[in-house]
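Colleague: I have a new model to look at. Please walk me through it in short steps.

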Amino acid sequence: MSKKIKILLSGGGTGGHIFPAIAIADEIKKRFPDAEFLFIGANGKMEMEKVPQAGYKIEGIDIAGIDRGNLLSNLGLPFKIIKSLNRSKSIIKDFKPDVAIGTGGFASGPALYEATKQGVPVFIQEQNAHAGVTNKILSKAAKAIFTAYPKVAGFPAEKIKFLGNPIRSTIISGMQETAQAKQKMGLNKEKLTILSVGGSLGSRTLNNAWESHLKQIVYKDYQLIWQTGKLDYKDIIEKTKDTVTRNILIREFIKDMELAYSAADIIVSRAGAIAISELAVAQKPVLLVPFPFAAEDHQTKNAMNLVEKNAARMVKDSEMQEKFWNTLTEICENESVRKEMSDNLKYFAKPNAAKEIVDEIFNVINR
C-alpha cells in the first residue's frame with residue numbers, strides 16, 4: 001500500500017468476538033507497522049479493557065442487546081440504537097478508515113452499518129457454525145465473510161470463505177510431544193491422560209461430572225488435568241482432598257494451554273468457537289459438552305459439525321448422568337477410535353487463519 005492504511009475493527013461482548021479481532025489486527029500490523037487502527041466497542045463490555053491491553057485504541061458506544069429476562073428494560077433500546085448509530089457515524093467520519101472488519105457482538109452492528117453507508121469496504125468474521133444476528137444483518141453488504149465452518153446458515157454462500165478462526169499464536173507454535181509434555185507437568189508419560197477445560201470461569205456441569213467419577217478415574221489409573229475455573233476451585237479442593245492422588249492435577253486456571261493440550265490423550269471441553277478451533281489445531285480426540293444456554297444454542301451447532309465428520313463425540317448437558325462416563329471410556333479404551341477422531345479433526349484445523357483472512361482482505365481491496 002502506498003499510503004498509510006487505516007483499519008476499523010469492531011467486535012465484543014465476549015472473548016470469542018474480541019480475540020479474533022485482535023489477532024487480525026496483529027497480523028495486519030506485522031505487514032504494515034505504520035498502519036493506524038481503531039476499534040469500536042460497547043461501553044461497559046470487556047472489549048473496553050481487553051483491546052487497550054493489546055495495544056490498540058478503542059472508542060465506546062452505548063449499545064446493548066435485547067434483555068429477554070426483563071422485557072421492560074428494553075424500552076430504552078431504540079434510543080440506544082439511534083445514539084450508537086450517530087456516534088459510530090461521527091467516529092468513522094473522523095477516522096476515515098480504508099477497511100472495516102467486524103467479528104460480531106453488539107457494537108459491530110452500528111459500526112459496520114455506518115461504515116457501509118460511508119462507502120467503506122466491510123468484511124465479517126463469524127466464529128460459530130450458526131450466524132449471529134448482527135453478522136446475519138450485515139452480511140448483505142459485506143465484501144466477504146470468513147467462517148470456521150464450510151456452511152453457515154444465514155449467509156450468502158458465494159461470500160463465504162472457510163478460513164477458520166484466528167487463535168493464539170502460542171497454541172500453534174507451542175505444541176510438543178505428548179510424553180515430553182506429561183513429564184513437564186509432573187505426570188507419568190505412560191498413563192492415559194484426560195484434560196478437562198470449561199473456560200476461564202469453569203463449567204459447573206463438567207466439575208460435577210468429575211466429582212461423581214473421581215473414584216473411577218483413580219480405579220482406571222487414568223490421569224486427569226482438571227481445570228475447574230474460579231467459581232468452584234476452592235470448593236472442589238476441599239471436597240476432593242481425601243480422594244485426589246498424584247494422578248489428578250486440579251488447577252483453577254491453566255496459563256500454558258499449549259502444554260496442557262500437548263500432554264492430553266483426550267480432551268473434554270465445552271464447544272465455544274475459539275475452543276473448538278484450538279482443539280482442531282491440537283488434534284487430540286475430544287468429547288464436547290456444549291453449553292446449553294449459549295445464544296441460539298450455537299455451541300451445540302458447533303459440536304455437531306465435528307460429530308458429523310466423526311472428529312468428536314458429544315454429550316448434551318441433559319444427558320450427562322446417563323451418557324458421560326460410558327462415552328468417555330469408549331474413547332479412552334479404543335485407540336483406533338482416538339486415532340480416527342484425531343485424523344478427522346485436521347479438516348477443521350486452520351492454524352494460518354489470521355494470515356489467510358488478511359490475505360483475502362487485501363486481495364479484495366487491492367482489486
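Modeller: A word on names before we start. Helices (H or I, at least four residues) and strands (E, at least two) are DSSP runs, numbered from the N terminus. This is a predicted model, where local features need pLDDT of at least 70 and side-chain atom pairs pLDDT 80 or more, while totals for chains, interfaces and linings use all residues. Residues count from 1 along each chain as its sequence is written, and side-chain values use heavy atoms, without hydrogens and water.

Colleague: Let's start with A141. Where is A141 found?

Modeller: Look at the loop that joins α5 (133-138) to β6 (144-147); A141 sits there.

Colleague: How far apart are A141 and P292?

Modeller: 151 residues in sequence. In space it is 31 Å, C-alpha to C-alpha.

Colleague: Back to the start of the chain. Where does T14 lie?

Modeller: T14 is in the loop between β1 (6-10) and α1 (15-31). T14 is partly exposed, because its relative accessibility is 41%.

Colleague: New topic. Which domains does the protein have?

Modeller: Domain 1 covers 6-166 + 351-366, and domain 2 covers 170-348. Those bounds come from an automatic or database domain assignment.

Colleague: How many residues does each domain put into the contact?

Modeller: Domain 1 puts in 16 residues and domain 2 puts in 14. The centres of the two domains, taken over C-alpha atoms, are 31 Å apart.

Colleague: What lines the largest cavity?

Modeller: Q127, A148, Y149, N165, A273, I276, S277 and F348. The space inside is about 50 Å³.

Colleague: Where does the largest cavity lie?

Modeller: Between the domains, because domain 1 and domain 2 both give residues to its lining.

Colleague: And the second largest pocket, what lines that one?

Modeller: T205, N208, A209, S212, H213, D317, M320 and Q321. Two elements give two or more residues each to this lining: α8 (204-220) and α13 (320-332). The biggest share comes from α8, with 5 residues. The second largest pocket holds about 160 Å³.

Colleague: You mentioned α13. What about T327 in that helix?

Modeller: T327 belongs to α13. T327 is buried, because its relative accessible area is 14%. Beyond its neighbours within four places in sequence, T327 is in contact with L287, R313 and V315.

Colleague: Which residues of α11 are buried?

Modeller: A273, I274, I276, S277, E278, L279, A280, V281 and A282. That makes 9 of the 10 residues in α11 (residues 273-282).

Colleague: And how many are buried in α4?

Modeller: 7 of 10, for the helix at residues 108-117. They are S108, G109, P110, A111, L112, E114 and A115. G119 follows α4 with a positive phi, near 80°.

Colleague: What comes just after α11?

Modeller: Q283, with a positive phi of about 55°. Q283 is not a glycine. Most residues other than glycine have a negative phi.

Colleague: Where is Q283 found?

Modeller: In the loop from α11 to β12 (286-288). Q283 is partly exposed, because its relative accessibility is 26%.

Colleague: One last residue. What is the phi of D297?

Modeller: Positive, about 50°, and D297 is not a glycine either. D297 sits in the loop between β12 and α12 (298-308). At 30% relative accessibility, D297 counts as partly exposed.

Methods: On a 1 Å grid over the protein atoms alone, a cavity is a set of points where a 1.4 Å probe fits but cannot get out, and a pocket is an open set with protein on both sides within 12 Å along at least five of seven lines; lining residues have an atom within 4 Å of a point. Grid points are joined across faces, edges and corners, and a volume is the space filled by probe spheres set on the points. Buried means under 20% relative accessible area, exposed over 50%, partly exposed in between (1.4 Å probe, protein chains only). Contact means heavy atoms within 4.5 Å.
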